[in-house]
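Please open the structure in a viewer and keep the selection panel at hand.

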Amino acid sequence: MKKLALHWQIMIGMVLGILFGFAMGFWGSGKQFVLDWIAPFGAIFIKLLKLIAIPLILASLIKGISDLQDISKFKNIGIRTIGIYMMTTVIAIVIGLIIVNVIGPGRGVEQSTIDQLTATYASQESVTGKLDTALVQQETPPLEFLVDMVPDNAIGAMSDNSLMLQVIFFSIFLGISMLLIKPEQAKPLKNFFDSLNEVILKMVDLIMLTAPFAVFALLAQVVVSAESPEILQKLLIYGGTVLLGLLIMISVYMILLWVFAKKNPAWFLKGIAPAQLLAFSTSSSAATLPVTMERVNEHLGVDEEVSSFVLPVGATINMDGTSLYQAVAAVFIAQALHFPLDLQDQLTIVLTALLASIGSAAVPGAGMVMLVIVLESIGLPADKLAIGLALIFAIDRPLDMCRTVVNVTGDATVSVLVAKSVGKLGMPRVKNWDDHYAPKTEV
């Protein structure tokens, strides 16, 4: 019997997790049972992915750069990567603005709904905390994010997953330095990182064996922790607007792949599907990064010289799904609160969301924090900011899961486009967890 493909296994786990979560909702102690006995397995899975994220970035990026043997090649990859990321982010924001202005989800929101959501969420610590974080972010100098990219302690940076940009900086610096010394002197260090990279990728394979069970736990937890159906129903048009925009953005990626990389979208989606499903389950591009790198390298044929730079950078600065959501959310809040927006305000949203996606990438809960910055850029009164966040807070988690899928899909798309443009897109080379496993046979 043919083994079921991994993405189908994960999808079955997701469906069963959702059904199990709903079933537990009808049992008085069901929610607590899921939180106590099911959710920990999902948490362990995410921890395992985060555990190997920094070592994977360090090993793969240094290996990729040292394999180039020419710094000019790295410059070409870097310029193309940043340029395409900025282009897709602008496209995402514009798509969000167009659909939210056409559909107008905030125009039909009743005052009673606004009052209910405000009373429920406006004073919650999770909302007020985002406002405080955004205030700190705004008070920092404009080039502070460049300063934050440079670590003063490499080991310290590697001990904190939120400092991924610092690890990327150190890895690039070390990889370039290895190119500038004699090959025989760099060889021992290069061999070490080559070996470390292979070991970490094998760890990814082993962790992925548990993925179907982990997403079952993660989705069951999400379902039992969901907000009341009545509140979600009132925000259905807004949520549908965001989802429509995200689907259009994925269609844009497929068109780019078809036109510029000459690749069939179905081939791409099949290759990246497990990473997309994990992004949906975890709501974290950073946690999904090891799986994204494995799928892009082995199943899409992108050379590690390209993926080792494009994907870690994308996981920290490329937020197409989040930027699109910010555009929709900002206009939705303005419509619901009867705050008029002119063309200049809409252009301000484009520019601010673009800059925020780069400058605020390392901030915890970046999506909401970036949204506050966008809202303040268009002049929304300070006393209405908490109300604005309260309007969308109830439905933020499921939308966060969906926009993370777009973020990860965008990273993978750009890696294929860059690889194609520099001649580093080859044939898939799939490695299984047991390729070199030879169990002993009894005599």
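By about how many helical turns are Arg403 and Asp400 separated in helix H20? Select residues 396–421, the extent of helix H20, and display the two side chains: they stand three residues apart, which means a separation of about one helical turn. The model is a predicted one, and this first stop shows a salt bridge in which the closest N and O atoms of Arg403 and Asp400 are 3.4 Å apart. Both of these residues are buried.

**The charged network**

Next, select Lys63, Asp67, Lys190, Asp194 and Glu304, which salt bridges with shared partners join into one network. Start from Lys63, located in helix H2, residues 30–68. Is Lys63 buried or exposed? Its relative accessible area is 15%, and Lys63 is therefore buried, the cut-off for burial being under 20%. Leaving aside residues up to four places away in sequence, the contacts of Lys63 are Lys190, Asp194, Asn197 and Glu304.

Move to Lys190 and display its salt bridge with Asp67, where the N to O distance is 2.3 Å. Lys190 belongs to helix H9 (residues 183–208) and Asp67 to helix H2, so this pair ties together parts that are 123 residues apart in sequence. Asp67 is partly exposed, at a relative accessible area of 23%.

Lys190 also meets Asp194 in a salt bridge, at 3.2 Å from N to O. Here both partners lie in helix H9; because they are four residues apart, about one helical turn separates them. Asp194 has a relative accessible area of 19% and is buried. For context, the structure as a whole holds nine salt bridges.

**Aromatic pairs**

Now turn to the aromatic rings, among which a search of the whole structure finds six pairs. Phe20 is partly exposed at 23% relative accessibility, and Phe216 is partly exposed at 24%.

Then select Tyr238 and Phe332, whose rings form a stacked pair with centres 4.4 Å apart and planes at 25 degrees. Tyr238 sits in helix H12 (residues 236–261) and Phe332 in helix H16 (residues 320–336), so the pair ties together parts that are 94 residues apart in sequence. Tyr238 is buried at 1% relative accessibility, and Phe332 is buried with a relative accessible area of 1%.

**A nonpolar surface patch**

Switch to a surface display and select Leu4, Trp8, Met11, Ile12, Val15, Leu16 and Leu19. Together they form a nonpolar patch with about 650 Å² of accessible area. Val15, one of these residues, lies in helix H1, residues 6–25. Val15 has a relative accessibility of 44% and counts as partly exposed.

**Helix H8**

For the last stop, select residues 164–179, which make up helix H8. Its 16 residues reach 23 Å from the first C-alpha to the last, close to the 22 Å expected at 1.5 Å a residue. Which residues of H8 are buried? Colour Met164, Leu165, Gln166, Val167, Ile168, Ser171, Ile172, Gly175 and Met178 to show them.

Note on methods:
Residues numbered from 1 in each chain as written. Predicted model: local features only at pLDDT ≥ 70, side-chain atom pairs only at ≥ 80, totals over all residues. Heavy atoms only, no water. Buried < 20%, exposed > 50% of the residue type's maximum accessible area, 1.4 Å probe, protein only. Contact = heavy atoms within 4.5 Å. Patch = residues over 30% accessible without salt bridge, like charges linked within 9 Å, V, L, I, M, F, W, Y side chains within 5 Å. Areas by Shrake-Rupley, 256 points an atom, 1.4 Å probe, with all protein chains shown as cover. Salt bridge = Lys/Arg side-chain N within 4 Å of Asp/Glu carboxyl O. Expected span 1.5 Å × (residues − 1). Phe/Tyr/Trp six-rings, centres within 6.5 Å; stacked < 30°, edge-to-face > 60°.
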